[in-house]
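Colleague: I am new to reading models like this one. Can we go through the terms and what backs each of them?

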Amino acid sequence: MPTTTDSRHLSLFILAALITLTLAAIRGLVRRARVVMVVSGTSVLLVVLAVLAIAYVITLGVG
């Protein structure tokens, strides 16, 4: 059975990967989409990024 530290490291890795993918999506959206889609899409992705960042900080601080 995995210890708490192992699951915490796995959670941090998954959250870091999701944050990286969200940043890549924002960057790709800015390059390829029209202005209206960039504004609405970027705002949605920034909310997702904020939630992931808060989850990362919470997971990092627990223990």
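Colleague: What share of the contacts between residues at least 6 apart in sequence join residues at least 24 apart?

Modeller: The share is 63%. Contact means heavy atoms within 4.5 Å. This is a predicted model, so local features need pLDDT of at least 70, side-chain atom pairs count only at pLDDT 80 or more, and totals for chains, interfaces and linings use all residues. Residues are numbered from 1 along each chain as its sequence is written, and side-chain values use heavy atoms, with hydrogens and water left out.

Colleague: How many helices and strands are there?

Modeller: The protein has 2 helices and 0 strands. Both terms refer to DSSP runs, numbered from the N terminus: helices are H or I with at least four residues, strands are E with at least two.

Colleague: Why is Thr22 called buried?

Modeller: Buried means under 20% relative accessible area, exposed over 50%, and partly exposed in between (1.4 Å probe, protein chains only). Thr22 has 8%, so Thr22 is buried. Thr22 lies in helix H1. Leaving out residues up to four places away in sequence, Thr22 touches Leu45, Val48, Leu49 and Leu52.

Colleague: What makes Thr42 buried?

Modeller: The relative accessible area of Thr42 is 17%, so Thr42 counts as buried. Thr42 sits in helix H2. Beyond its neighbours within four places in sequence, Thr42 contacts Ile26, Leu29, Val30 and Met37.

Colleague: How far is a polar side-chain atom of Thr42 from the backbone oxygen of Val38?

Modeller: The distance is 2.5 Å. For Thr22, a polar side-chain atom lies 2.8 Å from the backbone oxygen of Leu18.

Colleague: Which residues form the largest nonpolar core?

Modeller: They are Leu15, Ile19, Ile26, Leu49 and Leu52. A nonpolar core is a set of buried Ala, Val, Leu, Ile, Met, Phe, Trp, Tyr and Cys residues joined through side-chain atoms within 4.5 Å. H1 and helix H2 (35-61) each give two or more residues to this core. H1 supplies the largest share, 3 residues. Leu52 touches Leu15, Leu18, Ile19 and Thr22, not counting residues up to four places away in sequence.

Colleague: Why is Ile14 called partly exposed?

Modeller: Its relative accessibility is 42%, so Ile14 counts as partly exposed. Ile14 lies in helix H1 (residues 4-32).

Colleague: What share of the 63 residues is buried?

Modeller: Of the 63 residues, 21% count as buried.

Notes: Polar contact = N/O pair within 3.5 Å; in protein donor to acceptor, adjacent residues only side chain to side chain.
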